[in-house]
Amino acid sequence: MQSFGENRFSGTLPPELGNLVNLEQLYINSCGLGGEVPSTFANFGNLQVLWASDNAFTGKIPDFVGNNWTQLTSLRFEGNSFEGPIPSSFANLNSLTSLVLRNVLLTGTLPSYITELQSLQKLDLSFNNLTGQIPSALFNMDSLTYLFLGNNSLSGPIPSRKSETLQTIDISYNMLSGNLPSWINSDLNLNFVANNFELNSSSSRLLPGLECLQRSFACNRNSPRYANFSIKCGGPRMMSNGIVFEAENQTLGAAGFNVTSAQNWAVSNVGLFADRQNQLYVQNTLAQVTRTTTPELYQTSRLSPGSLRYYGLGLKNGLYTVNLFFAETAFSDQSTRSWRSLGRRIFDVYIQGTRQLRDFEISKEAGGVERAIVKNFTANVTDNHLEIHLFWAGKGTCCTPEQGYYGPSISAINVVPNFVPTVSGIPPGTHKGKNQTGLIVGITVPIVFVALILVFVIIYIKRRKKDDDEEVFIGIGPRPNTFSYAELKTATEDFSPSKKLGEGGFGPVFKGTLSDGRVVAVKQLSVASHHGRDQFITEIATISAVQHRNLVQLYGCCIEGNRRLLVYEYLENKSLDQTLFGHSGLHLDWPTRFNICLSVARGLAYLHEESRPRIVHRDVKASNILLDAEMCPKISDFGLAKLGYLAPEYAMRGHLTEKADVFGFGVVALEILCGRPNTDTTLQIDRIYLLEWAWNLYENDQSLNLVDPTLAEFNKTEAFRVLGVALLCTQASPSMRPLMSRVVAMLAGDIEVSTVTSKPSYLTDYDFKDITGTFMSEETQTSMASSTSDNTMKSNNNAVTVTDPGPSPVNVSGFGDILAEGR
């Protein structure tokens, strides 16, 4: 057996592997290699099992697979980039029991020779580009039990006969038509959604709700009845924060669907867990999920090994907010260092056919396992139906905590309109006698008429107040998420003093809980000026779109009249400086410190080189690095910061590039290593300034004396890496400082740390002063910053820097003290 899956290799498969002529099993899922399959692999005459999903293999599937690998029993290709049809040589694979060619770009028709594989028990050709009709012989193979042909372009009728052994059939999302065959019964696992079948009362009785899930989505189409729905995925009916989540706990199996009796939503599932004895499609846990006020919402989750879809039916057309609730409850936390902590669940999320999340990993996004996270999207409903699709593309681990464990998981769904609904949302009820009906109508209509007049008057008055605020959003993309003042007032219990986290430069910060269960930090700006409102909204829109595991997420803002509020994710362990310098009661061991240093570097590298637009933070310092419950660091205040650890080129000449952030990171890295702040006047005179002290020790080969003495143990190799990187980052010349992507590589050990040869000129040429601290007064800083570029727009105390959106990093900055301490 040979296995080198779950790696980050690059290049193509080594032809030398073909020398392993006695190889019986080969597992190369997600190994990172691509290209064509080497011709030397024809030597694998003894190969019995090949799993090669999630690799960028190209070209045609080689003919030698069928001609030479005649002992093959299991072949699995998923998420590859092959071309052309299934090779005719596959007719020789008489020992094959499982053939999976899913999502590999196959074309052509279903070949008749597939039916000659008399040992075949499972056939999965879904998510390809296959055309033509389904061969009748395929449904009559004596051994075939599971058949997945969904998401192709197959046409024609379903075969009129099938074998007794074929129990699971997926032919969803094709162009099939005609009447349903007589062999259909309720004991089979069938998924026939999104086709063009002609349905009658008999077929509707055997497959209830299928008429709602044909390609026309006929139920309540053009006569919408609903404007919202909420689903407790995989669990019973439940209420959370005033929202009633309807039960979705019926059995789905490997191919199934269900439509509610009210025909307001539906669910469809397809997929079979590979080599798993217990095919369970619901995850149950007793874990107390954190970061939510209703952990029971996450104690059940719907699972799928392939494709899981939820539909909103009969919806009023318009824009909706889609809230998806996730929590990873199957794996152990990485801090346990157990084999259960190695599991990785990775999948994609599509809304209305557009991929919104690629390679989404719940625990990574949430910052750990058993932590709730809610992802929000805006969807446009145009044909009275909404589709939410969770899709497994073959990525992540397969066998943790048990064999055949992978694929999407979701706990709940909540969909609400972004408009005032004009439909009742109440399912049709039973009718009463004509006399009663007339009496009820006679009484109700005048009352409703008067009520509607009052409602419209109230709405009109409120809209007049909001018109000015709404105008600032016109033309902005992406539009930032907005909250009403009433919503934030409720979340913070009317901004209760007991919810106050602290006081920043521009106002207090409160802890709040939104209606969807998210715990947030709400910044209430005490200075509400209409001046600069457009710039404010533009910057909020930009920053809201920037998302990374090591960046604090800005959920949105509130702008109503003179009110200005910012809404952030809430982080339990506050800022790095409070923890690092002994003000929080927490102690950071070496592995945690090193992880913080590396993670902060990754966050900055993302801002500088990957985000669009690219962003210069301007204020990289320990107090702007927040820690979540798992001690995962998140950079805060990017784009809305004043200047902290000043790089010398900015302090003296006003030059500001991403290299100023690199300098700030170098200071933070030293603080993490030493466990002390950049400046400490309580220490001996030669130790007051951290950079000066660090260089003195470095030049005298005493570098390890910098390490925080409170650490019981530390990794010397990693400590030297941190020190070397810090000294490189704090060089006087910006050109001598590395890019943050190179810093990440040096810290991770992927490349050697460059040798530091010269002491910075700001330490040698001048009497050392703390240029990284308060080098100038705030007025001088603002003045200097405003004169550095012709593109800078001046606005009193709030300097909004608008840069040319060219290849250079964009400094999305401004509102100096809007976000300070105390988030």
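User: Why does Ile346 count as buried?

Analyst: Happy to start there! Ile346 has 8% relative accessibility, and buried means under 20% relative accessible area, with exposed over 50% and partly exposed in between (1.4 Å probe, protein chains only). The value of 8% is therefore on the buried side of the cut-off. Please keep in mind that this is a predicted model, in which local features need pLDDT of at least 70 and side-chain atom pairs count only at pLDDT 80 or more, while totals for chains, interfaces and linings use all residues. Residues are numbered from 1 along each chain as its sequence is written, and side-chain values use heavy atoms, with hydrogens and water left out.

User: Where is Ile346 found, and which residues does Ile346 touch?

Analyst: Ile346 is in the loop between β25 (318-326) and β26 (347-351). Leaving aside residues up to four places away in sequence, Ile346 touches Asp359, Phe360, Glu361, Trp392, Lys395 and Gly396; contact means heavy atoms within 4.5 Å. Ile346 and Asp359 are 13 residues apart in sequence, and their C-alpha atoms are 5.3 Å apart in space.

User: What is the strand order in the open sheet of six strands, and why do β20 and β27 stand at the edges?

Analyst: The order is β20-β21-β24-β29-β26-β27, with antiparallel pairing. β20 (255-259) and β27 (354-360) each have a single partner strand, so one side of each lacks a neighbour in the sheet. On average, neighbouring strands of this sheet are turned by 10 degrees against each other, direction ignored.

User: How do you know which way the residues of β23 point?

Analyst: In a regular strand the side chains alternate between the two faces of the sheet. In β23 (residues 300-303), Thr300 and Arg302 point one way, Ser301 and Leu303 point the other way, and all are buried.

User: What makes β22 and β30 edge strands?

Analyst: β22, β23 and β30 form an open antiparallel sheet in the order β22-β23-β30. Each of β22 and β30 has a single partner strand, so one side of each is left without a neighbour in the sheet. β22 (residues 282-284) pairs with β23 over three bridges, and Asn284 stands opposite Thr300, while Gln283 stands opposite Ser301. Two bridges join β23 to β30 (residues 409-410), where Ser409 is the bridge partner of Leu303.

User: How are α12 and α13 oriented to each other, and why?

Analyst: Their axes cross at roughly 160 degrees and come within 9 Å. Axes are lines fitted to C-alpha atoms, for helices over the stretch in contact, and angles run from 0 to 180 degrees between N-to-C directions. Angles under 35 degrees count as roughly parallel, over 145 as roughly antiparallel, 65 to 115 as roughly perpendicular and the rest as oblique, so α12 and α13 are roughly antiparallel to each other. Arg721, Val722, Val725, Leu728 and Cys729 in α12 meet Val743, Met746, Leu747 and Ala748 in α13.

User: Why do α8 and α10 get their orientation label?

Analyst: The axes of α8 (residues 590-610) and α10 come within 10 Å and cross at roughly 175 degrees, so these two helices are roughly antiparallel as well. Among the residues that meet are Trp590, Ile596 and Leu604 in α8 and Val662, Phe665 and Ile672 in α10.

User: Which residues of α11 are buried, and what covers them?

Analyst: In α11 (residues 690-699) the buried residues are Leu690, Leu691, Trp693, Ala694, Trp695 and Leu697. Their cover includes α10 (658-674), α12 and α14 (761-764). Just after α11, Asp701 takes a positive phi of about 55 degrees.

Note on methods: Pairing = 2+ DSSP bridges. Helix = DSSP H or I, 4+ residues; strand = E, 2+ residues; numbered from the N terminus.
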